[in-house]
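Me: Please take a close look at the charged side chains in this model and how they pair. Then set them against the nonpolar and aromatic parts.

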Amino acid sequence: MDKMEELQKRDLAHIWHPCSQMKDYEELKPIVIKRGKGAYLYDINGKAYLDAVSSWWVNLFGHSNKRINNAIKAQIEKLEHVIFANFTHEPAIELAERIVKITPEGLNKVFFSDNGSSAVEVALKMSFQYHQQSGGRNRTKFACLSNAYHGETLGALSVGDLDLYSRVFKPILLDTIRVEGPDCYRCRYGRRNKSCNAECFEYMERTIEENHEVLCGVIIEPLIQCAAGMKIYPPIYLKKLRQLCDKYDIHLIADEIAVGFGRTGKMFACEHAGISPDIMCLSKGLTAGYLPLALTLTTNKIYSAFYSDYTELKAFMHSHSYTGNPISCAVACESLNIFEDEDILKKNQQKSEYIWKKVSKIAHNHPFVGDYRQLGMVGAIELVEDKENKKGFDWKRRVGYQIYKIGLGNGIIIRPLGNVIYFMPPYVVRYEDIDFMIEATFKSINSYFQIDF
């Protein structure tokens with residue numbers, strides 16, 4: 001038994017891996033990663049894998065980034081952690097100040113937690129309690145889009161709409177109002193998302209008009225529904241939603257956990273629409289893929305509804321043990337430094353254009369690629385068995401998963417979303433890495449379908 005096999009055996013003796021059917025590990029055992037550098041991960045035998053999915057969308061500036069490593073070393077020598085109730089520290093103060101400056105106007109208050117699902121839970125509780133303390137006691141529900149995904153905790157699952165994650169838990173979830181969302185690839189209006197007027201917004205408009213008296217807020221993934229298969233929709237949808245939420249005093253909650261920090265080409269996806277949400281959730285890329293940290297930002301108006309004498313019992317009594325962890329905050333501050341010092345957004349624009357030109361050229365005539373869509377540094381290849389009718393493969397065939405396994409053999413990590421193979425690489429990805437990413441992906445696709453294309 002070699003070292004890889006030994007460690008795999010020890011792993012499977014005790015570890016229950018996330019988002020996995022563990023029986024699959026009988027065939028595809030966990031790959032033991034020993035180190036990472038740049039856009040690549042290296043297993044214990046030295047094999048390299050291009051991390052085309054940024055290790056679940058978190059890594060921004062590559063693995064083992066020297067600047068971030070040094071920021072951790074410097075902070076850990078000073079303060080590793082401190083209770084965040086009645087105490088604070090410089091990294092958290094600096095991070096809050098800088099986040100307020102770069103996020104959409106009006107988001108002036110920052111609540112810390114430690115992961116994306118928690119940030120969403122905070123947002124839901126904050127919105128609900130605000131209305132309870134501001135004369136809206138009949139407001140007890142939230143609205144979300146079909147195919148939404150906002151995390152794995154019960155509140156977050158309640159405002160999601162992917163049965164794969166939530167079906168078994170439905171009896172214990174919140175009663176949420178679901179709205180048919182945009183589906184630009186299979187648009188029932190026959191429009192294109194770059195030139196449409198978001199005609200599909202009629203479903204949201206009708207839902208809000210009929211339920212506005214009981215709605216606390218609408219939660220949405222701005223511009224890209226990631227877990228649904230990187231579904232991309234136009235900014236006009238957000239503009240219309242902002243106007244409607246304003247009309248009925250409903251909170252617009254922007255879940256930018258996956259799409260924030262440059263993924264869509266702008267620092268935050270809401271910027272494409274020129275809107276400010278009432279509440280914004282941030283995590284994942286916040287710490288460049290190094291440490292858990294999440295933020296829920298909100299307005300002075302919402303904050304003021306909680307500000308009162310203690311005896312009025314209006315305080316927001318939500319907490320996490322590692323809230324505002326100093327090391328995580330120091331990493332987040334250094335990540336923002338890298339954005340500024342290295343002109344990351346401009347470089348990303350050039351790389352995203354390069355990816356678009358190369359992939360769309362191949363995808364256009366590929367017999368099993370129904371759609372290639374991209375926004376910024378997020379690209380998605382949707383595989384179909386019938387291009388003319390846009391018919392996807394039966395989910396039981398696990399087409400994306402089979403291609404993913406072939407991809408591992410070809411040295412690339414392209415963990416699928418059903419029939420969708422997507423790219424979301426670290427921003428340090430080089431042009432030669434991009435070439436390899438695209439070539440290895442289509443090599444894996446063609447190998448599965450046994451075609452020479």
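Reply:
**Charged pairs and their surroundings**

Aspartate 183 has a relative accessibility of 26%, so it counts as partly exposed. The model is a predicted one. The partner of aspartate 183 in a salt bridge is lysine 231, with 3.7 Å between the closest N and O atoms. Aspartate 183 sits in the loop between β6 (177-179) and α8 (201-211), and lysine 231 in strand β9 (residues 231-232), so the bridge ties together parts that are 48 residues apart in sequence. Lysine 231 is buried, at 17% relative accessible area; the cut-off for buried is under 20%.

This pair can be set beside others, as the structure holds 27 salt bridges. One of them joins the side chains of arginine 98 and glutamate 340, at 3.4 Å from N to O. Because arginine 98 belongs to helix α4 (residues 90-102) and glutamate 340 to helix α11, parts that are 242 residues apart in sequence are tied together. Arginine 98 has a relative accessible area of 14% and is buried, whereas glutamate 340, at 54%, is exposed.

The side chains of aspartate 163 and lysine 170 also meet in a salt bridge, at 2.9 Å from N to O. Aspartate 163 is partly exposed, with a relative accessible area of 40%, and lysine 170 is partly exposed at 45%. A network of salt bridges links Arg67, Glu334, Asp341 and Glu342.

Two arginines lie over aromatic rings. Arginine 35 is over the face of tyrosine 42, at 4.1 Å from the ring centre, and arginine 398 is over the face of tyrosine 401, at 4.0 Å.

On the nonpolar side, the largest core has 107 residues, of which Leu95, Met230, Phe261 and Ile381 touch the most other members. Helix α11 (residues 326-341) gives the most to this core, with 8 residues. Beyond its neighbours within four places in sequence, leucine 95 is in contact with Phe112, Leu286, Leu293, Leu295, Cys329, Ala332, Cys333 and Leu336. Another core lies apart from the largest one and has 22 residues, including Val120, Ile279, Ala294 and Phe306.

The whole structure contains 19 aromatic pairs. In one of them, the ring centres of phenylalanine 261 and phenylalanine 268 are 5.3 Å apart and the planes are at 65 degrees, so the pair is edge-to-face. Phenylalanine 261 and phenylalanine 268 are both buried. A cluster of aromatic residues is formed by Phe368, Phe393, Tyr448 and Phe449.

Key. Residues numbered from 1 in each chain as written. Predicted model: local features only at pLDDT ≥ 70, side-chain atom pairs only at ≥ 80, totals over all residues. Heavy atoms only, no water. Core = buried A, V, L, I, M, F, W, Y, C linked by side-chain atoms within 4.5 Å. Buried < 20%, exposed > 50% of the residue type's maximum accessible area, 1.4 Å probe, protein only. Helix = DSSP H or I, 4+ residues; strand = E, 2+ residues; numbered from the N terminus. Contact = heavy atoms within 4.5 Å. Phe/Tyr/Trp six-rings, centres within 6.5 Å; stacked < 30°, edge-to-face > 60°. Lys NZ or Arg CZ within 6 Å of the ring centre and 35° of its normal. Salt bridge = Lys/Arg side-chain N within 4 Å of Asp/Glu carboxyl O.
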